[in-house]
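Here's a quick briefing to read with the model open beside you. Have a look at the fold first, then go through the points by topic.

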Amino acid sequence: PYLAGTRIRGEPNPIGEAEGRDLLYNSPASYNTVLTLARLGMLPFLLLLLAASWLWVRRWYGRPAALATLVFLISTPVILGHAAVVALDVPVSAMTMLTLYLLLRWFESPDSAAALRLGLAAGLAAATKMSAVPFIGVAALTLIALRVLLARRAPLPWLLPRRLGGASIALLLALLVMVGVYGPRLVYLTTPELAPSPALDFLAGHHGALHDLAYRIAARVRVPLGVLMVPTNILGVEWHNEHGHLSYLLGRTDLDGWWYFYLVALAVKTPLPLLLLGLTGLGLLARRGWGEASIYTLAPAACFVSILGFCCLYSHINIGVRHVLIACPLLAIGAGYALCSAWEHWRSPAAHAAIAALALWQIASLGYAWPDYLAYFNPLAGSHPERILVDSDLDWGGQDLRRLEQVLAAHGVSQLWLGYKGTADLAREPLPPFSPLRPHQPVSGWVAITMLTLQENQAGYSWLAPYQPVQRVGRSILLYHIP
């Protein structure tokens, strides 16, 4: 986009919606060109996700399982859907998978080169999206604990100075990368009057001798911008999680979410063959790894359980399966392993036919979902998935607006009531004259409403319930004609 002439003219923090609209609508290149170029920048992360998964599985479970893992992963609609939009969920999943793979490689060979690779990947993962910090943290702690536990059964020289030194190198490099990505600009963390600084309090505590010393130094010594931004972003995520986010699940809305949100989301957003074979394969790997005292065999199941458990117990920001997208490549590892194990164990033609049918069912999910990979639901969701999930799983900012414009033109609509929850500049879109559709205010004529608008305020739009939509536009917009 930059080479095509797009420039950020404002200040994108903290949300950036206005600047995003400016980039799309007011750049020298067209809206569609800018959007396409931006989305192309996401595709290398999809390739990185595939590469990290391939390397992981090939090293410890063999090439056939690695190939099967890639088949499951690349035929998962939600992976392709989120890889095709300008968002951070596939990139952070790719970087997290790469980091966990390099962590296991460091377990194998704790030399300085392995530590440097691990630190670089971890730093870039955290710089991609802050959720990488707890994901990598809880998974690493789980793997280390299991490694120590297994070492008692199969003695290995685990806690050696060499390993502790390598861990220190990796952690230091990760912190340097997290700070360094913000560039060389230098800033003061506080004013000469020692004004309160949340970032400084995060680093040095809220009181005490260290706090006082840090403030006196920070008022006189400039530091890289990243020293301010990293703790600020962490505090921002904590604040968002503490105050919650309006979420929708199974017909209800709530600010604090539900502990089982991600379990339901994975159950209805994951293709059934991947879900069934993935959970089976992770269970088989866990049992085999425990029996062999092998952390490398246990690792996929341990990472899956620890990361998903953390999200269920901690997160109050329940706005989509995309926040646990890392579960998909881990399930794909389990599915690839289960498929190959079953193929080798049951050699009858009937068994091979059944196994092949599961793989074909998985691949067929792409045909069923096309072209709306983002809004894919498996058969467990039924014909009305909007009764289960909406935000970023079915309707992410009214992604079907352009389709609506075409449908309205085809119907010759001259006046519209529009209930839209998104960030497009509606005044710049080729819509007929429209008025906002307000809650609790029934109207007549043509009405278009996005699923997110409808489901997050069901009481306000309950008057629409007796009417049958003229058409469902894409997956996320209902079009009515009210007499």
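Predicted model: local features only at pLDDT ≥ 70, side-chain atom pairs only at ≥ 80, totals over all residues.

Residues are numbered from 1 along each chain as its sequence is written, and side-chain values use heavy atoms, with hydrogens and water left out.

**Overall build**

- Along the principal axes, the C-alpha atoms fill a box of roughly 80 × 80 × 40 Å.
- Take contacts (heavy atoms within 4.5 Å) between residues at least 6 apart in sequence: 72% of them join residues at least 24 apart.

**Surface and charge**

- Of the 483 residues, 48% count as buried. Buried means under 20% relative accessible area, exposed means over 50%, and partly exposed is in between, using a 1.4 Å probe and protein chains only.
- Carbon and sulfur atoms own 65% of the accessible surface, which comes to about 22900 Å² (Shrake-Rupley method, 1.4 Å probe; for residues, only the protein chains shown count as cover).
- There are 33 positive and 26 negative side chains, and the centres of the two sets lie 10 Å apart. Lys and Arg count as positive, Asp and Glu as negative, while His and the chain ends aren't counted; each charge is placed at NZ of Lys, CZ of Arg, CG of Asp or CD of Glu.

- The peptide bond from Trp-370 to Pro-371 is cis, with omega near 0°, and Pro-371 sits in the loop between α17 (349-369) and α18 (401-411).
- Leu-194 isn't a glycine, yet has a positive phi of about 60°. You'll find Leu-194 in the loop between β1 (186-187) and α10 (198-204), partly exposed at 37% relative accessibility.
- His-440 also has a positive phi, near 65°. This residue lies in the loop between β6 (434-436) and β7 (445-450) and counts as exposed at 57% relative accessibility.

**Strand pairing**

- β5 (residues 416-419) runs parallel to β6, joined by 3 bridges (pairing takes at least two DSSP bridges), with Trp-417 opposite Ser-435 in β6.
- β5 also pairs with β7 in the parallel sense, over 4 bridges, and here Leu-418 stands opposite Ala-448.

Conventions:
Helix = DSSP H or I, 4+ residues; strand = E, 2+ residues; numbered from the N terminus.
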